[in-house]
Amino acid sequence: MTEFRLPAHSRIHTGVTHAAPEGAHDVRRVRIYRFDPDSGENPRIDTFELEASECGQMVLDALIRIKSTRDATLTFRRSCREGICGSCAMNINGVNRLACITSVHDLGAQIRIYPLPHLPVVKDLVPDLTTFYAQYASVKPWLTTQTPAPPDAERLQSKAEQEKIDRPAACILCACCSTACPSYWWNSDRYLGPAALLAAYRWIIDSRDEATGERLDALEDPFKLYRCHTIMNCTDVCPKDLNPAKAIAEIKKMLVQRQS
Amino acid sequence: MSLRTPLAGVLGRGAAKSGVHHWWLQRLTAVALIPLGIWFVVSLLALPALDYPVVTAWMSQGWTAVLLLLFVLTASWHSYLGVRVVVEDYVHGAGAKSAALAAVSYVHVIVAVAGVFAVLKVALGGAP
């Protein structure tokens with residue numbers, strides 16, 4: 001049955017407070033979820049008090065500052081620091097977003113940072129995305145055709161055909177959407193989640209692809225696709241302003257239309 | 001612990017090749033319930049009184065009985081489709097889920113049959 005409390009070993013305790021530097025007057029309190037699997041202890045919330053000028057522009061800057069000046073064991077993923085790699089997705093003040101493009105100045109004096117919700121935690125802010133990536137792989141995110149490619153040219157698309165996949169193809173697989181979805185929380189073992197379904201849609205509507213029918217067949221399932229109940233958290237949180245909810249609705253529409 | 005690959009876990013037993021019909025019927029019944037629901041509430045409010053003789057007289061009219069039957073059947077069907085989804089969402093053990101889904105099916109059939117019987121009994125003059 002549904003669990004309403006976290007398992008005993010997941011309940012969060014109060015952690016350490018790293019006080020603000022002497023004479024600080026504009027203090028930002030950054031509260032961060034910490035979990036170290038090797039310690040055998042429960043997760044805890046550490047508080048880091050930073051002078052506002054120390055934080056830098058973005059939440060990622062503040063995290064790097066904390067790691068280099070307060071606690072070097074703080075663990076998080078980051079790479080491009082400009083919203084294109086999707087590594088630093090985390091739950092910041094209750095919303096899944098990319099730390100590198102979330103301004104500290106939009107968040108107020110209290111900043112709460114947790115890993116993406118409802119995933120196993122590897123350490124601190126690093127969630128285990130194994131299943132998420134397997135879901136992406138399961139929709140076969142590559143061009144599938146029977147017609148051989150022209151020997152001396154690319155497979156061509158019209159401008160209008162390209163524009164259809166332009167936005168869906170901009171997904172960076174940060175997992176903000178899937179981990180914001182309650183349906184994904186309860187059934188991620190069988191529901192593919194908005195990110196994988198957006199990827200599926202991107203290939204279903206690709207004018208060059210010849211496996212549309214097989215792709216739709218593979219999604220026609222009460223769990224893989226139809227666990228989507230149009231909650232729309234996915235579209236709400238997408239840091240790239242994509243619309244997975246609409247993509248899923250379009251897939252459902254195509255499945256109905258091919259029946260009659 | 002399992003040594004299956006993550007992809008094998010996600011692919012599971014493959015697609016069940018169903019769900020379209022369920023999804024479409026849920027929309028179809030939802031749309032039908034809008035006029036039926038409004039008609040039901042407005043008609044009840046328009047009655048001069050809500051006592052037994054007035055309501056049974058109203059129910060015995062041909063069109064009222066037909067629309068009430070449609071309302072009972074559509075609402076039960078829509079509810080069955082919706083509650084089924086709720087069970088699938090939240091009940092996870094295989095045994096518990098099968099039992100809950102069976103119970104949901106039975107309850108909805110009982111409610112629908114009882115509703116239809118009640119309407120017909122009044123409409124066809126069986127009620128005192």
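Six strands of chain A make up an open sheet of mixed pairing, in the order S1-S3-S2-S6-S4-S5. Strands here are DSSP E runs of at least two residues, helices are H or I runs of at least four, and both are numbered from the N terminus. Two strands count as paired if DSSP finds at least two bridges between them. The model is predicted: local features need pLDDT of at least 70, side-chain atom pairs count only at pLDDT 80 or more, and totals for chains, interfaces and linings use all residues. Residues are numbered from 1 along each chain as its sequence is written, while chains are lettered from A and ligands numbered from 1 in the order in which they are written.

The edge strands of chain A are S1 (13–18) and S5, each pairing on one side only. From one strand to the next, the twist averages 30 degrees (axes are lines fitted to C-alpha atoms, for helices over the stretch in contact, with angles from 0 to 180 degrees between N-to-C directions).

| Strands | Bridges | A bridge pair |
|---|---|---|
| S2 (residues 27–34) and S3 (residues 44–51) of chain A | Eight bridges | A:Val27 with A:Glu51 |
| S4 (residues 89–92) and S5 (residues 95–98) of chain A | Four bridges | A:Ile92 with A:Val95 |

S4(A) and S5(A) form a hairpin with two residues between them, and A:Asn93 in the turn has a positive phi of about 45 degrees.

Chain A also meets chain B: 24 residues of chain A are in contact with 20 residues of chain B, contact meaning that C-beta atoms, placed from the backbone, lie within 7 Å. H3(A) gives the most to the side of chain A that touches chain B, with six residues.

How values were computed: Contact = placed C-beta atoms within 7 Å.
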